[in-house]
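Here is a quick tour of one model, stop by stop. Keep the viewer open and follow along.

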Amino acid sequence: MKPKYYLNSEGAFTIENYNFAKPFANFFPGIAGKYGIPMWVFYVNRSQCIISFGTKDKDHSILEFFPANKAWEFVSARGFRTFIKLYTNKKSVFYEPFHNGFTNLGFKLNNSLQITPYDLKLEESNLSLGLKINVEYFTIPNDSYAALARIVSLKNISGKTKTLQIIDGLPQIIPYGVSNLFLKKLSRTIEAWMKVENLDKDVPFYKLDVDPTDRPEVIHIKEGNFYLGFYFDKQKPKVIQPIVNPQNIFGPVTDFSCPYSFLAVKDFQCPKEQITTSKTPSGFSFLNLVLTAGEEKTFYSLIGQMRSKELLNSEVCKITAPGYLPQKKEDNKKIIQDLQQDILTESNSKKFDLYAQQTYLDNILRGGYPVKFGKGTIFYLYLRKHGDLERDYNKFQIQPTYFSQGNGNYRDTNQNRRCDAWFHPEIKNENIINF
């Protein structure tokens with residue numbers, strides 16, 4: 001299947017049959033507004049795309065940081081996965097959307113990847129099974145925590161009712177407190193410190209109890225990463241019971257290539273008890289769905305970082321309230337588009353107009369965005385090194401604070417501020433004096 005590249009009607013860069021396109025790596029802008037906690041998110045054009053994300057730096061990952069060549073290799077197994085068991089003619093059929101593995105060779109599939117400066121969308125139609133699935137990713141802006149939002153919609157595009165079981169989520173979630181050094185060199189050892197709390201609330205909280213660094217004092221860890229899956233039933237939110245032990249899904253298949261335990265039984269059930277310590281945990285939602293002809297159902301998940309378990313539990317009602325995620329989605333879009341307004345271009349080439357906006361946004365990510373305080377103090381938001389998957393040597397930082405900024409090289413910061421006096425004349429000679 002040959003890939004096809006184009007800009008859609010909304011200006012999103014679209015790739016059809018993206019699994020067969022030349023591999024590339026990209027990233028979300030990591031901007032959460034003045035009063036938000038930013039998250040770094042990297043993706044590639046394979047499977048369900050997202051391969052690494054977290055807060056602050058590589059030592060605070062939620063999904064382990066991998067360089068581009070490893071990302072293309074690992075994303076099909078360690079990235080987001082969706083397993084669908086469909087019952088038809090007294091038989092069960094297995095389907096994993098967006099996956100280019102051998103299990104999908106017998107299906108007639110159409111899929112596309114849509115990229116904007118502020119989000120990422122996937123769409124796949126399985127014409128053989130009569131199913132269409134959409135996935136949407138964006139980060140949460142203007143709030144007291146950092147998270148990646150994922151919205152999954154499943155539609156029956158056939159004329160018959162579909163009965164299915166679906167498992168969706170991540171085979172691995174890194175508990176808070178595990179540094180990049182432990183992930184790369186001591187990943188087996190660090191599992192002894194890993195634990196999952198808060199399962200009684202159905203919102204797992206992944207953390208270490210103490211800092212595992214070899215030092216005389218004991219440093220306790222309050223922060224944690226979390227997974228929250230939910231859907232709406234007649235406008236009432238329902239939190240989905242999570243699966244945090246990957247063995248409950250994959251059984252003896254430790255490379256995550258096949259959800260053996262999910263497929264081994266006709267009627268899969270969410271486990272009543274799960275191992276929550278001393279192994280790298282997962283974050284999955286499990287649902288039984290019945291879709292009538294033309295019906296569509298949607299479920300949601302947030303994967304992020306909170307300052308404490310108590311704060312997480314106090315935020316669940318707000319996060320799952322109807323309207324919260326749609327509003328955050330629009331806020332995220334508006335923040336990025338407002339930044340790009342400075343270079344708003346209207347020519348006879350839509351491609352050029354969008355190129356100018358994207359280039360300006362990239363400049364902001366290197367040089368920062370100037371904000372004037374009081375009588376003239378200039379503060380730069382959002383700047384940091386690009387730590388993307390093909391610049392794997394960079395030790396990037398995005399501070400998990402309001403008015404976030406990060407580290408940067410002198411040359412990068414200087415050259416990316418060279419036009420600031422043109423776009424922001426209020427800064428006057430600030431950068432001349434500073435540099």
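## Salt bridges

Let's start with K195 and D209, whose side chains meet in a salt bridge, 3.2 Å from N to O. K195 sits in strand β14 (residues 194–197) and D209 in the loop between β15 (205–208) and β16 (224–233), so this contact ties together parts that are 14 residues apart in sequence. D209 is partly exposed, at 34% relative accessible area. Bear in mind that all of this comes from a predicted model.

A search of the whole structure turns up 19 salt bridges. Another one to look at pairs the side chains of D143 and K318, at 2.8 Å from N to O. Here D143 is in the loop between β11 (131–139) and β12 (146–156), while K318 belongs to helix α6 (residues 309–319), so the pair links parts that are 175 residues apart in sequence.

R411 is exposed, at 54% relative accessible area, whereas D412 is buried, at 7%. Some bridges share partners, and in this way K195, E197, K207, D209 and K309 are joined into one network.

## The largest pocket

What volume does the largest pocket have? It comes to about 740 Å³. The lining of the largest pocket is made of 31 residues, and those nearest its centre are I115, T116, P117, L354 and Q358.

Helix or strand, several elements take part: β3 (25–27), α7 (324–340) and α8 (350–367) each supply at least two residues of this lining. The largest share is from α8, with 10 residues. Sorted by class, the lining of the largest pocket has 16 nonpolar, 10 polar and 5 charged residues.

## The second largest pocket

Next comes the second largest pocket, with a volume of about 430 Å³. It has 20 lining residues, of which Q172, E191, T254, F256 and T280 lie nearest its centre. The elements giving two or more residues to this lining are α3 (187–190) and α4 (247–250). By class, the lining of the second largest pocket splits into 8 nonpolar, 7 polar and 5 charged residues.

Rolling a probe the size of a water molecule over the atoms shows where empty space is left. How many cavities of 30 Å³ or more are there? The count is 3. The largest cavity holds about 100 Å³ of space. It is lined by 14 residues, and the closest to its centre are F27, F42, R384, G387 and I398.

Strand β4 (residues 40–44) gives the most to the lining of the largest cavity, namely 3 residues. That lining divides into 8 nonpolar, 3 polar and 3 charged residues.

Most residues other than glycine have a negative phi.

With 25% relative accessibility, D202 counts as partly exposed.

## A surface patch and a buried strand residue

Y5, L7 and F13 make a nonpolar surface patch of about 260 Å². Of these, L7 has its place in strand β1 (residues 4–7).

Is L164 buried or exposed? L164 is buried, with a relative accessible area of 1%, and its place is in strand β13 (residues 162–170).

How values were computed:
Residues are numbered from 1 along each chain as its sequence is written. This is a predicted model: local features need pLDDT of at least 70, side-chain atom pairs count only at pLDDT 80 or more; totals for chains, interfaces and linings use all residues. Side-chain values use heavy atoms; hydrogens and water are left out. Patches are made of residues with over 30% relative accessible area and no salt bridge: like charges are joined within 9 Å, nonpolar side chains (Val, Leu, Ile, Met, Phe, Trp, Tyr) within 5 Å. Accessible areas come from the Shrake-Rupley method with a 1.4 Å probe; for residues, only the protein chains shown count as cover. A salt bridge is a side-chain nitrogen of Lys or Arg within 4 Å of a carboxyl oxygen of Asp or Glu. Helices (H or I, at least four residues) and strands (E, at least two) are DSSP runs, numbered from the N terminus. On a 1 Å grid over the protein atoms alone, a cavity is a set of points where a 1.4 Å probe fits but cannot get out, and a pocket is an open set with protein on both sides within 12 Å along at least five of seven lines; lining residues have an atom within 4 Å of a point. Grid points are joined across faces, edges and corners, and a volume is the space filled by probe spheres set on the points. Ala, Val, Leu, Ile, Met, Phe, Trp, Tyr, Cys and Pro count as nonpolar, Asp, Glu, Lys and Arg as charged, and the others, Gly among them, as polar. Buried means under 20% relative accessible area, exposed over 50%, partly exposed in between (1.4 Å probe, protein chains only).
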